[in-house]
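Take a look at the structure below. Then follow the text through its strands and its aromatic rings.

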Amino acid sequence: MDGEKALLRSPSSSAEKCERGAVTKCQLGPLSVTRRHERSPVCLFQPQQVALIMRIHGKVVVIAVCFGVFLLLYFLGGNAADDPLLKEVVQEEEEEDGNSSPSPSELGRDVAAKFAKKASGGGGARAEELLKRRQEERASNRGARETAKSKPRGRVARPVTKRRRAEEVMHLAVVACGNRLDETLTMVKSALLFSLKRITFHIFAEDPLAPQFEERLKQWPPSISAKFQYSIYPITFSVGNADEWKKLFKPCAAQRLFLPVILKDVDSLLYVDTDVLFLRPMDDIWSLLKSFNSTQLAAMAPEHEVPKIGWYSRFARHPFYGVTGVNSGVMLMNLTRIRSTMFRNSMIPSGLSWEDLLHPLYQKYKNHITWGDQDLLNIIFHYNPESLFIFPCQWNYRPDHCMYGSNCKGAEEEGVSILHGNRGVYHDDKQPAFKVVYDAIRDFPFEDNMFQSLFYPIQTKFLDTVNTLCGRIPQVFLKQIEKTMRKVFEEKVVRHVRPHK
């Protein structure tokens, strides 16, 4: 080190005096020296020293430039984030490229151009104009959002919040004529007592019964009325002679054949006779719709479990489904599929739609059918067996399942799910086991304790029915209803008690 200093201080043949114009430059260099005893400064440099000086100068310049660029970008990114000019650049780039973001280089060029304009004389007025325009756009967007809120949910283009899934509603149809008012209301009551989802009832009734349904349904307490809605329809037949259809089997029974034609806005439907009682939630049979395969469009239970004593297998003079036929007192239907299917038949090889098929089918077989509309359904599904889903007998439990001995294994194992009191057994003493259940549900006061006012009376009165074949198997009638009541009890009582613990 001392040698280098001595070398710098000693004169050399390669040393040069600094010219007057170059004195300042030489003095700014890190290795500039001045000889005190001379009148003018002298810069003495070796070749290695010159190269070192140039490298150091280059590094300093590069660092300074990078630092300056960083400060410039920081200033642009931080202070200009909310500037209307920058927002306008981003907005224009988004409009040009769809919803894609502009590249950094393009955005940088546009921002620089905008800021250059802003720095000119008219820049302040331009910024104010852009701010005003953005405020107007925000006000317009707020108005558009308010308008969108007033439109139907499905028509809102860009929902700002996640909406709850629409609640599923079950549809149940019944046809009531003559003196079936009380029986129909008891059926509706049983569906509401146990079901979980809301139900829409489609009640087809003769003109004198319509106002009576209105009056009686309005008398039910609000807690029950909140669980359902209903529509009352007149008895109508879209094809053929209405008087002929009304006289088919029982008054108005043929109306069920026309449900796919009348209820055009309903996708799926459960049809039941007026003498049906639900002993478990309707939700459970409604869920069987999900069990349909791609060709099935309706579901029914067999007319009988034992071919030897089944009516169709012994007496039918027309085609019927399967070995024992099917019973139409409980019928689950996908109406959308029914309306869009061409059904094979014995009249026209190309097939017919549901509506076009009904009247020709009736005209062909009217002298051979005994059970009216049920026979027509058996004929239809005889030629289209792939369209029918068969559910177990406990979903359509009738006196035939116990009056000749117990022959519904599903009911023995799980209990009766839907009780079908055909043959008028709710109103006579031929099958008191059925009448006990009907009377208990009919007389049950809404909102009373189900165990005390419904289950225990049924259990007690069953003791008086042990002299009949159906009365000897009380567990078949009581098992499912007890299970359902416990579930309802847990839903209504236990769930509300837990939070207070």
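Predicted model: local features only at pLDDT ≥ 70, side-chain atom pairs only at ≥ 80, totals over all residues.

Residues are numbered from 1 along each chain as its sequence is written, and side-chain values use heavy atoms, without hydrogens and water.

Start at strand E4, residues 198–205. Helices (H or I, at least four residues) and strands (E, at least two) are DSSP runs, numbered from the N terminus. Seven of the eight residues in E4 are buried (under 20% relative accessible area, with a 1.4 Å probe and protein chains only). E4 runs parallel to strand E3, residues 169–176, and eight bridges join them. Strands pair if DSSP finds at least two bridges between them. Val 174 has Ile 203 of E4 as its bridge partner. From E3 the chain passes through helix H7, residues 181–194, to E4 in a right-handed β-α-β crossover (clockwise from the first strand over the helix to the second, with the strands pointing away from the viewer). E4 also pairs with strand E5, residues 228–233, in the parallel sense over six bridges. There Ile 203 stands opposite Ile 232.

Now the rings. The whole structure holds 23 aromatic pairs (Phe, Tyr or six-membered Trp rings with centres within 6.5 Å; stacked under 30 degrees, edge-to-face over 60, tilted otherwise). Phe 451 and Phe 455 are edge-to-face, because their centres are 5.9 Å apart and their planes stand at 75°. Both lie in helix H19, residues 450–461, four residues apart. Phe 451 is buried at 14% relative accessibility, and Phe 455 is buried at 3%.

Terms used. Buried < 20%, exposed > 50% of the residue type's maximum accessible area, 1.4 Å probe, protein only.
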